[in-house]
Every structure is written in structure tokens, then in C-alpha cells.
Amino acid sequence: MARSKTSAAWLKEHVDDHWVQQAQKDGYRSRAAYKLAEIDDKDHLLKPGMTVIDLGSAPGGWSQLAADRLQGRGRVLASDILPMDALAGVEFIQGDFTEDSVLDALLDAMQGEPADLVISDMAPNLSGMNAIDQPKAMYLVELALDLGQQVLRPGGDFLAKVFQGEGYDEYLKMLRENFQRVLTRKPKASRARSREVYLLARGFKG
């Protein structure tokens, strides 16, 4: 079957993408690693000894970067609906995060220990229809925040990809109620036309 013009254009853009090429050169699993790297360079989130939960982790760019920056001291617990090849220093739970069984598996893996940082790069499979995609995307980040409220230590941090649109302002309000301060980040590796931004919530009130 011939590729549609849209998917062919996406493929060309992807192959030509500076960040994709850089990731291949640097040995990162995805261009997304540079988004987290830029935010971490600016905001100093990742420190050795931390416990980090990475939601929407496959193919593993964020988990890989987090494990690197923890320098073998600490813990990265990752989860995605898609399979993910094993990474040194990363524990992986595969499953659909919208199902209670996956949340329970993550909570069991934590064994009552708190997390220092929850990061979420989760996004639904996009249909291109905003009226369908936006509520799905907001539902995922609401679930990520719900997990954060259950596992973060007081003073812990939360970073999530959010798409600007319906529900965004209400979500921002929820973050401000739960954290000391909330910052917006748009890393250079985010495509300029994308509505995605990263909300960094610092100092969980507990």
C-alpha cells in the first residue's frame, strides 16, 4: 500500500530532523531525551540517589537520560503501554496506565517508598481531531498527577507534557493547588508547531 502524502512528509521530516540525527549519534533511544536534558540542565531535577517514575517511557529516551544522570545511584521505574527494551538501571512495567492494574503494579513496586520525581511524556494516539485528542491527552496527565499525589514525597517534583487547549487552565490550577510553584517549559527539541508544553511543578505540598 502506498504511503499517504501526510505520512511520507512526516517520515521525511523525522529522518531530516536535527534532534533525531543527534539522538542516533549520541546513542539515545529518542529525540525526546533532549527535551528532558534541556529542562534538567535549566532546572536541576535529576540528582544521584533519587527515585524517579517515568510514565509513557517507551522507547526509553527519558528513562535512559534519567538513569545516566542518577549515575547508578537511585532508581528509575518506567511504564508504558508499548514494550520497551531493557535499560541498565531501569525497572519497566508494561501496561495501559488507564487501567487500575498498572497503577497497582507501580504502587507495589514502590513498596511504600516515596518518589522524588514523577515525569510523564504520555500522549494518546492522535487522530488529528482536536475534539477527540485533547480530552484523551488531558485524561492521561490527570492520571499522572493522581499517581504523583499518591507517591511523591513532600517537596518532590512533577513534570508532564501537556497540550494547550480545553482543560489546560483547570489542570494548571490543580498543579498550583498541589505544588509550591509551577513553571512552563518549551524545550528546543519540541516541534515549534506542536501545542505541547511541559509543566514543571516543584515542591509537592503533600
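1. S63 is buried, with a relative accessible area of 0%, where buried means under 20% relative accessible area, exposed means over 50%, and partly exposed lies in between (1.4 Å probe, protein chains only). The residue belongs to helix α4, which covers residues 61-70; helices here are DSSP runs of H or I with at least four residues, strands are DSSP runs of E with at least two, and both are numbered from the N terminus. If neighbours within four places in sequence are set aside, S63 is in contact with D54, S57, V76, A78, M84, L87 and V90, and contact means heavy atoms within 4.5 Å.

2. Before going further, please keep in mind that this is a predicted model, in which local features need pLDDT of at least 70 and side-chain atom pairs count only at pLDDT 80 or more, while totals for chains, interfaces and linings use all residues. Residues are numbered from 1 along each chain as its sequence is written, and side-chain values use heavy atoms, with hydrogens and water left out.

3. On the overall fold, the protein contains seven helices and seven strands, and reading along the sequence gives the order α-α-α-β-α-β-β-α-β-α-β-α-β-β. Among contacts with a separation of 6 or more, 64% are between residues 24 or more positions apart.

4. On dimensions, a compact globule of 206 residues would have a radius of gyration near 17 Å, and the protein agrees with this because its own value is 17 Å; the radius is taken over C-alpha atoms, and the globule rule is 2.2 Å times the number of residues to the power 0.38. Along the principal axes, the C-alpha atoms fill a box of roughly 50 × 35 × 35 Å.

5. How is strand β7 placed, buried or exposed? Strand β7 (residues 196-204) is mostly covered, since nine of its nine residues are buried. Strand β5 (residues 152-163) runs antiparallel to β7 and is joined to it by six bridges, with A160 standing opposite L199 of β7. Strand β6 (residues 179-185) also runs antiparallel to β7, again with six bridges, and there R185 has Y198 as its bridge partner. Two strands are said to pair if DSSP finds at least two bridges between them.

6. Some details of the backbone deserve a careful look. A cis peptide bond, with omega about 5°, joins A58 and P59, and P59 is found in the loop between β1 (51-55) and α4. H44, which is not a glycine, has a positive phi near 55°; this residue sits in the loop between α3 (32-43) and β1, and H44 is exposed, with a relative accessible area of 51%. Q111, also not a glycine, has a positive phi of about 50°; Q111 lies in the loop between α5 (100-110) and β4 (115-120) and is exposed, with a relative accessible area of 68%.

7. The protein exposes about 10700 Å², of which carbon and sulfur atoms supply 51%, with areas taken from the Shrake-Rupley method using a 1.4 Å probe. There are 26 positive and 30 negative side chains, and the centres of the two sets lie 8 Å apart; Lys and Arg count as positive and Asp and Glu as negative, while His and the chain ends are not counted. The place of a charge is taken as NZ of Lys, CZ of Arg, CG of Asp or CD of Glu.
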